[in-house]
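Welcome, and thanks for taking a look. Please load the model in your viewer and follow along.

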Amino acid sequence: RAGVQLGFLGIDEPPYLDAQGAQAYCDALEAIQVRYPDMKVMAITHDPSMKGRFPQSVNVVKTPQGSMVLKN
């Protein structure tokens, strides 16, 4: 509203979400995407059911050689 144009939002999943909190978190991310359709949103989660609500995902795993991106 102040004229600042943001093209990217990165957000980490809050810890200790119960089912209702996870629902609210996903609903909020979807509302942001609807309100700002040109904004890219990257949300970090460890919950497979939460990840399933979104059309795209990137899986990153820890290996002895460091972090690695898995192909979907």
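Let's begin with Gln 5, which sits in the segment before β1; helices (H or I, at least four residues) and strands (E, at least two) are DSSP runs numbered from the N terminus. Gln 5 counts as exposed because its relative accessibility is 73%; exposed means over 50% relative accessible area, buried under 20% and partly exposed in between, with a 1.4 Å probe and protein chains only. Along the sequence, Gln 5 and Met 39 are 34 residues apart, yet their C-alpha atoms lie 9.3 Å from each other in space.

A word on the basis: this is a predicted model, where local features need pLDDT of at least 70 and side-chain atom pairs count only at pLDDT 80 or more, while totals for chains, interfaces and linings use all residues. Residues are numbered from 1 along each chain as its sequence is written, and side-chain values use heavy atoms, with hydrogens and water left out.

## Helix α1

Helix α1 spans residues 19–35, 17 residues in total, and reaches 24 Å from first to last C-alpha, close to the 24 Å expected at 1.5 Å a residue (1.5 Å times one less than the number of residues). Its buried residues include Ala 22, Tyr 25, Cys 26 and Leu 29. They lie on the same side of α1 because they cover an arc of only 90° around the axis, taken from the directions from the helix axis to the C-beta atoms. An α-helix has 3.6 residues a turn, so residues three or four places apart point the same way.

On the other side of α1, Gln 20, Val 34 and Arg 35 are exposed. The cover over the buried residues of α1 includes β1 (8–12), β2 (40–44) and α2 (48–51).

## The largest pocket

The largest pocket holds about 930 Å³ of space. It is lined by 25 residues, of which Met 42, Ala 43, Gln 56, Ser 57 and Val 58 are the closest to its centre. A pocket here is an open set of points on a 1 Å grid over the protein atoms alone, where a 1.4 Å probe fits, with protein on both sides within 12 Å along at least five of seven lines; lining residues have an atom within 4 Å of a point.

At least two lining residues come from each of α1, β2, α2 and β3 (59–63), and β2 gives the most, with five.

Technical notes: Contact = heavy atoms within 4.5 Å. Points joined across faces, edges and corners; volume = space filled by probe spheres on them.
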